[in-house]
Amino acid sequence: MFDKKVYQARREKLCKKMRSGLLLFLGNNESPMNYPANTYHFRQDSSFLYFFGLSFPGLAAMIDIDEDRQTIFGNDLDLDDIIWMGPQPSLKSRCAKIGINETQPLAKLEEILKNAVRLGRKIHFLPPYRPENAMQLEKLLGIQHGAVKSYASPDLVRAVIALRSLKSREEIAEIERALSTTAAMYREAMAMTRPGIFERDIAGKMEGLALAGGGQMAFPAIVTVHGETLHNHYHGNLLKKGDLLLIDSGCETGSGYASDITRTIPVGGKFSSQQKAIYETVLDMQLTAIAMIKPGVSYRAIHLKTCDILVRHFKELGLMKGDVGAAVAAGAHALFFPHGLGHMMGLDVHDMEDLGENNVGYDEKTKRSEQFGLASLRLAKPLSPGYVLTVEPGIYFIPALIDQWQAGKKAASFIDYAAVEKFRKFGGMRIEDNVLVTARGARVLGKAIPKKIVDLEKAAERG
Ligand SMILES: [Mn+2]
């Protein structure tokens, strides 16, 4: 948790942006895994964490801008809770740490909100993503739960995104703390990568280090020799010499800030010449993108530049042909790079995605493309100092996609399908780092994690 001044200042800025009305924030509750008392690890809602910092279930918060009141709703533990969960600080003392003096029992919230509805007051809330919070809003506001999302406040969504997008110095320090744990996770993973061990051996070790670092994984790790499957969470394969091990993982700090790193490691310590050629392409894409990052440049332009680099390299390798600009405009590169270059990162690994990808990554002037590949770009708008984003180009040979494109003669003037056939069993590669947009350029956050071929081979050889 930060000092209470941080939370007070955030709420003050929010009130300035919103000007009037009631702002309602629901915290998250325990979520059952297989029966009610056996719950998933508790994770507070990130906007709730941002403005109120309290990370335990059973809370709601209200800011009444017109009456200048801020209230936390929650219940103190009774004796039975204390027997099972141990003594806990009172709600009042916890709220004092975030600069809020007024607390009310949770049961009071319904009455206060019903009253506000009666008076015709404007109640702003964010779109719920957990069904139990949609049900809760139905109960509190009398809006049918299926329709609750459409009543979420666009003004509040916009204001929250504007504030959370610009990371302060203390937030960047938190992200770098997550990254230092992540660097240790990768150091260990690289040293373990060798023929004869299972993906799950490495996944388990990495998750253990995340827990030891004081947080948890920011998302379920991808540790796979089948990197061509983008969100592959299977960890049961045995590593063989010559495989590529793709690891996309990150952890959270205790306060909820995330990291998100990807490396692709040669099993056995040496890339083949084919693997080297593709790796150099991905690395060129990633380094060029990082070098282009500065305020005012649109992330779509940077994404498209990396597509351009892919096509240039692939022409040299004989995999693609024709005019580079025309190939990128036609989306031909997306056969090999079907996702976007990156996304915002902060309290969520895909920061604020619950508030709408287009609200976070696009603006009035930047509309989302419908073209395969470009449509998956989560962040496209011009960059501002204080943004933290991921830069994660990848190249994949996805047999099912290749077959479909080839059968339909898709982009046949740009793709040499006979040459692509030789890469059919290649798999996939991705390199990802987390980058802060600074006043004049960019800074790669965290400690360096090997990504040059020589450094990677050295790290994997030790295994
Ligand atoms: Mn990512």
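Trainee: Into which domains is the protein divided?
Mentor: This is a predicted model. The chain has two assigned parts to read off, domain 1 and domain 2. Their bounds are 4–163 for domain 1 and 169–461 for domain 2.

Trainee: How many residues does the contact take from domain 1 and from domain 2?
Mentor: Start with the C-alpha centres, which lie 35 Å apart. Domain 1 gives 16 residues and domain 2 gives 14 residues.

Trainee: Which residues in domain 1 lose the most area to domain 2?
Mentor: Take the total first: the domains bury about 1200 Å² between them. Carbon and sulfur atoms carry 59% of that. On the side of domain 1, three residues together make up 40% of what is buried. They are R43, S46 and I161.

Trainee: R43 stands out there. What does its side chain meet in a salt bridge?
Mentor: Side chains of opposite charge can pair when their charged atoms come close. The rule finds 2 salt bridges across the interface, and the structure holds 27. For R43, the N to O distance is 2.9 Å, against a cut-off of 4 Å. The partner is E252.

Trainee: How many residues apart are R43 and E252?
Mentor: R43 sits in the loop between β3 (38–39) and α2. E252 sits in the loop between β9 (244–249) and β10 (261–266). The pair links distant parts of the chain, and the separation is 209 residues.

Trainee: Which element gives the most to the side of domain 1 that touches domain 2?
Mentor: Polar contact covers 7 residue pairs between the domains, both residues at pLDDT 80 or more. On the side of domain 1, α1 (4–18), α2 (46–52) and α7 (154–165) each supply at least two residues. By class, that side has 10 nonpolar, 3 polar and 3 charged residues. With 4 residues, the top contributor is α2.

Trainee: Now the metal. Which residues coordinate the manganese ion?
Mentor: Look for donors at 2.1 to 2.3 Å. In sequence the spacing is D-x82-H-x48-E-x39-E.

Trainee: Where are E392 and E432, and how many residues apart?
Mentor: E392 lies in the loop between β11 (388–391) and β12 (394–396). E432 lies in the loop between β13 (428–430) and β14 (433–437). This pair also links distant parts of the chain, at a separation of 40 residues.

Terms used. Residues are numbered from 1 along each chain as its sequence is written. This is a predicted model: local features need pLDDT of at least 70, side-chain atom pairs count only at pLDDT 80 or more; totals for chains, interfaces and linings use all residues. Side-chain values use heavy atoms; hydrogens and water are left out. Domain bounds come from an automatic or database domain assignment. Contact means heavy atoms within 4.5 Å. Buried area is the accessible area (1.4 Å probe) that two parts lose on being put together, summed over both. A polar contact is a pair of N or O atoms within 3.5 Å; within protein, one must be able to donate a hydrogen and the other to accept it, and residues adjacent in sequence count only if both atoms are side-chain atoms. Ala, Val, Leu, Ile, Met, Phe, Trp, Tyr, Cys and Pro count as nonpolar, Asp, Glu, Lys and Arg as charged, and the others, Gly among them, as polar. Donors are N, O and S atoms within 2.8 Å of the metal (3.2 Å for Na, K and Ca); water is not among the atoms, so sites may look incomplete.
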